[in-house]
Amino acid sequence: SAATNQVGYLPGAAKWAVLPAAASGEFRVVRAGSDTVVLRGALGPARTWAPAGADVRLADFSALAQAGDYELRVDGLPAARVRVAGDAYAALTAASLKAFYFNRAGVALDVRHAGPWARAAGHADTDVLIHASAASDKRPEGSRISAPKGWYDAGDYNKYIVNSGITVYTLLAAYEQFPALFKAQNLNIPESAENDKDLPDVLDEVLWNLEWMLAMQDPADGGVYHKLTNKSFDGTVMPHEARGDRYVVAKGTAATLDFAAVMAHASRVFKPFEAQRPGLSARMRQAAIAAWGWARANPNLPYKNPPDVRTGEYGDAKLDDEFAWAAAELYLTTGDASYREALKLETLPVRIPGWGDVMGLAWTSLAQNRAQLGKADAELVAKRVRSFGDELAASWQASAYRLTMESATDYVWGSNAHALNQALMLIQAYRLSNERAQLDAAQSVLDYVLGRNPLGQSYVTGFGSKPPLHPHHRPSEADGVAAPVPGFLAGGPNPGRQDQKNCPTYPSALPALAYIDHYCSYASNEVAINWNAPLVYVSAALQALTPK
Ligand code: G3I
Ligand code: 9MR
């Protein structure tokens with residue numbers, strides 16, 4: 001049948017379906033369960049879409065602007081269900097944010113908040129060893145620190161500063177840009193009960209991780225440990241059954257700069273909540289300044305796993321983007337001209353963000369805070385972000401699939417998040433330009449991860465007619481509950497297929513088809529906090545920005 005967004009469309013959104021080239025004639029949209037045609041139109045020409053090595057046709061049914069349940073019909077193919085609703089993404093945004101609660105370390109999830117996925121507390125992390133790589137005079141090897149809370153990174157049970165950095169930023173940016181949507185939200189997390197007098201739920205959830213991050217800074221010098229981890233990955237067990245020793249490993253330049261950027265940003269976001277969290281904003285600002293000082297004194301310490309540590313590396317030798325992001329955030333937070341100089345704004349490229357390349361986050365914050373910049377800087381930022389969005393929108397316009405995922409190199413480990421981060425940058429541009437193609441291109445990315453793709457696969461657990469059932473997520477696999485924990489985005493197609501040798505083979509090695517819904521496949525079917533964050537952002541942004 002036609003590949004469509006299986007979760008739904010907003011009434012005012014662009015709406016596309018993809019059909020095999022063999023389909024011909026017209027498409028018809030009928031009310032679900034009836035033969036009442038409400039829209040008909042011609043199929044587009046057959047064109048080759050390289051990422052799937054397939055010829056496809058498009059159906060543009062954007063004119064379907066009335067809320068309701070429909071079927072899209074084309075002669076000779078099974079009908080596809082289509083839902084149009086004014087709140088099409090409200091549940092998705094909430095669930096993708098609730099997924100962070102489900103990945104909390106150091107606390108039991110009770111039935112009231114977690115339902116069937118309730119579980120015992122794991123990884124208190126109040127008694128963490130200092131690894132030799134992180135030893136100092138004040139904190140020698142083998143001594144212990146306390147760094148509780150935080151989110152598990154992904155399907156594993158370790159906590160990594162670099163990946164937490166982009167994740168926290170993206171969630172706080174979503175709140176910062178669309179506060180009304182998040183203030184109205186009730187996530188049913190433990191902190192929701194005090195919602196009316198305290199913080200919006202999204203900020204409570206993010207604080208769970210920020211508190212851990214603060215504990216990862218060495219108060220003696222401002223440097224930040226790269227990760228808190230086991231020496232090797234745990235088996236497939238529940239958190240409370242994973243009892244290996246925990247270590248903080250190596251201070252590094254990338255972790256320390258990402259920390260500086262996040263704390264500077266969070267200090268601004270939490271500033272209006274001084275009454276609720278006295279001193280928090282100032283503490284974050286100080287932590288950011290101290291981290292920046294350490295990074296300036298240690299500008300080139302890229303992280304490498306020591307030989308006895310085999311968990312996720314998040315190693316990145318290119319540090320100019322981390323410097324730029326931290327400088328941008330510190331400049332916006334403090335107004336201190338030395339950060340503006342360190343930023344070197346005129347020479348910065350705009351790029352799609354990812355854990356190893358945070359340049360796009362600097363542009364996102366600068367664009368959001370243009371009013372605080374000088375006139376020339378404000379104009380430069382608007383121009384550069386807009387033209388980056390124009391390039392992405394042009395590639396969407398030219399695509400046989402109406403998708404910005406056009407190049408084989410887009411299909412990396414975590415390709416679905418790369419797609420959503422393309423959408424995030426398109427949305428930054430749209431907020432400056434109001435150019436409809438940029439919004440529509442972002443919508444197409446969300447459609448893609450929700451089923452408008454050549455596998456007809458929704459990549460979000462618990463959402464759509466064909467969601468992932470076996471993500472590489474230890475709790476989902478070990479908890480004895482048939483359904484995986486809901487609201488998680490699978491990493492997605494990855495022709496690199498770096499799974500273990502004894503895993504099932506993928507149905508195809510073509511970029512957009514290299515995916516398998518199997519627990520074994522961490523290279524295509526793991527979940528991760530930095531992948532869920534842009535899902536939260538993009539679903540919220542489209543809900544907030546799409547004209548009614
Ligand atoms: O940097 C090279 C680039 O120069 C080269 O052209 C390209 C070609 O494949 O590869 C690039 O390296 C890739 C690297 O990510 C940086 O993007 C590697 O191939 C790729 O294997 C690597 O994947 C990372 C993976 O860990 C393995 O290290 C993912 O981005 C990252 O999201 C993932 O993160 C894991 C954590 O380690 C542990 N926790 C789970 C999490 C999600 O799977
Ligand atoms: O579960 C781990 C996952 O989070 C990582 O992304 C992946 C790649 O680093 O490794 C997974 O752990 C596997 C380990 O690398 C090899 N032994 C089996 C582990 C679980 O399948």
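Tyr 225 faces Lys 251, a residue of strand β12. The two strands here are β11 and β12 (residues 247-251), which pair in the antiparallel sense over 4 bridges; strands pair if DSSP finds at least two bridges between them, and a strand is a DSSP run of E with at least two residues, a helix one of H or I with at least four, both numbered from the N terminus. This is a predicted model, where local features need pLDDT of at least 70 and side-chain atom pairs count only at 80 or more, while totals for chains, interfaces and linings use all residues. Residues are numbered from 1 along each chain as its sequence is written, with chains lettered from A and ligands numbered from 1 in the order in which they are written.

Back to β11: it also runs antiparallel to β10 (residues 159-160), joined by 2 bridges, and Tyr 160 sits opposite Lys 227. Because 5 of the 5 residues of β11 (residues 225-229) are buried, the strand is largely enclosed by the rest of the structure. Buried means that 20 or more other C-beta atoms, placed from the backbone, lie within 10 Å of the residue's own.

Helix α12 is mostly covered too, with 16 of its 19 residues buried. Just after α12, Asn 434 takes a positive phi of about 60 degrees.

Now for the ligands, with their shells sorted by class:

Definitions and conventions:
Buried ≥ 20, exposed ≤ 12 C-beta atoms within 10 Å, placed from the backbone.
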